[in-house]
Amino acid sequence: SPSLTAYAGINQGSRSPSAVELGCADPDNPCKLPNAMAGDPPLRQVVTTTLEAGLRGTRGSTSWNVGVFRADNRDDILFVADNSAGFGYFRNFGKTRRQGLEAGVSTTVAGATVGANLTLLDATFRSAELLGGAGNSSNDEAEAGLPGVDGRIEVRPGNRIPLIPRHLL
């Protein structure tokens, strides 16, 4: 109807690794960023399948939307630390998922449009992996009460992806 729209969609897309990811993808030659862009092993394209559905509506000068989404990545690219302090490299990582809820509202007040959007985001690893965790406070040695200078980080399906916020406003 003119004041209410329902939508649903599915799509699949991919992205090629960026120049910085390709230039720093050799575990035998880790780098600090930025780097000199040396020739390194190729990385596979990240393939993402996204499902989404929601509602959009208007009433007078006010518009609103609410929706849910799920994006599953295959061959995601992850920057992993190397044993050399401050060095690391990019590599493909099995599967990751970003899913959540989006809601927004906007209206016109005295000729100006004002609004807000909120996203509740759950970003998780979907594959198991064992990563180097030297100097990381969440590695297995640190959790065992040791200094944590060495150690590994065990990634389990369902673990949160660090540094991706749960709430965006």
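Good morning. A word of caution to begin with: the model is predicted. Let's start with the pocket.

How much space lies in the largest pocket? About 820 Å³. We find empty space like that by rolling a probe the size of a water molecule over the atoms. The lining is made by 32 residues. Please find five of them on your screen: Phe-125, Leu-131, Ile-153, Val-155 and Pro-162. Those five lie nearest the centre of the pocket.

Which elements give two or more residues to that lining? There are three stretches of strand to begin with: β3 (62-81), β4 (88-109) and β6 (129-132). Then come helix α2 (140-143) and strand β7 (152-155). Strand β3 provides the largest share, six residues.

Sixteen of its residues are nonpolar, written 16 in the count. Eight are polar, and eight are charged.

Let's stay with Leu-131 for a moment. Leu-131 sits in strand β6. Is Leu-131 buried or exposed? Its relative accessible area is 13%, so Leu-131 is buried, the cut-off being under 20%. Now look across to Val-155. Leu-131 and Val-155 are 24 residues apart in sequence. In space, their C-alpha atoms are 7.4 Å apart.

Begin with Asp-76, in strand β3. Asp-76 has 10% relative accessibility, so it counts as buried. Thr-96 belongs to strand β4. Its relative accessibility is 3%, and therefore Thr-96 counts as buried too.

What joins them? The side chains of Thr-96 and Asp-76 make a polar contact of 2.6 Å.

Last topic: the rings. To describe a pair of aromatic rings, we use the distance of the centres and the angle of the planes. How many aromatic pairs are there here? The count comes to two. One ring also has a charged neighbour. Arg-56 lies over the face of Tyr-7. The distance to the ring centre is 4.0 Å.

That's my tour. Thank you.

Key
Residues are numbered from 1 along each chain as its sequence is written. This is a predicted model: local features need pLDDT of at least 70, side-chain atom pairs count only at pLDDT 80 or more; totals for chains, interfaces and linings use all residues. Side-chain values use heavy atoms; hydrogens and water are left out. On a 1 Å grid over the protein atoms alone, a cavity is a set of points where a 1.4 Å probe fits but cannot get out, and a pocket is an open set with protein on both sides within 12 Å along at least five of seven lines; lining residues have an atom within 4 Å of a point. Grid points are joined across faces, edges and corners, and a volume is the space filled by probe spheres set on the points. Helices (H or I, at least four residues) and strands (E, at least two) are DSSP runs, numbered from the N terminus. Ala, Val, Leu, Ile, Met, Phe, Trp, Tyr, Cys and Pro count as nonpolar, Asp, Glu, Lys and Arg as charged, and the others, Gly among them, as polar. Rings of Phe, Tyr and Trp (its six-membered ring) pair if their centres lie within 6.5 Å; planes under 30 degrees apart count as stacked, over 60 as edge-to-face and the rest as tilted. A charge sits over a ring if NZ of Lys or CZ of Arg is within 6 Å of the ring centre and within 35 degrees of the ring normal. Buried means under 20% relative accessible area, exposed over 50%, partly exposed in between (1.4 Å probe, protein chains only). A polar contact is a pair of N or O atoms within 3.5 Å; within protein, one must be able to donate a hydrogen and the other to accept it, and residues adjacent in sequence count only if both atoms are side-chain atoms.
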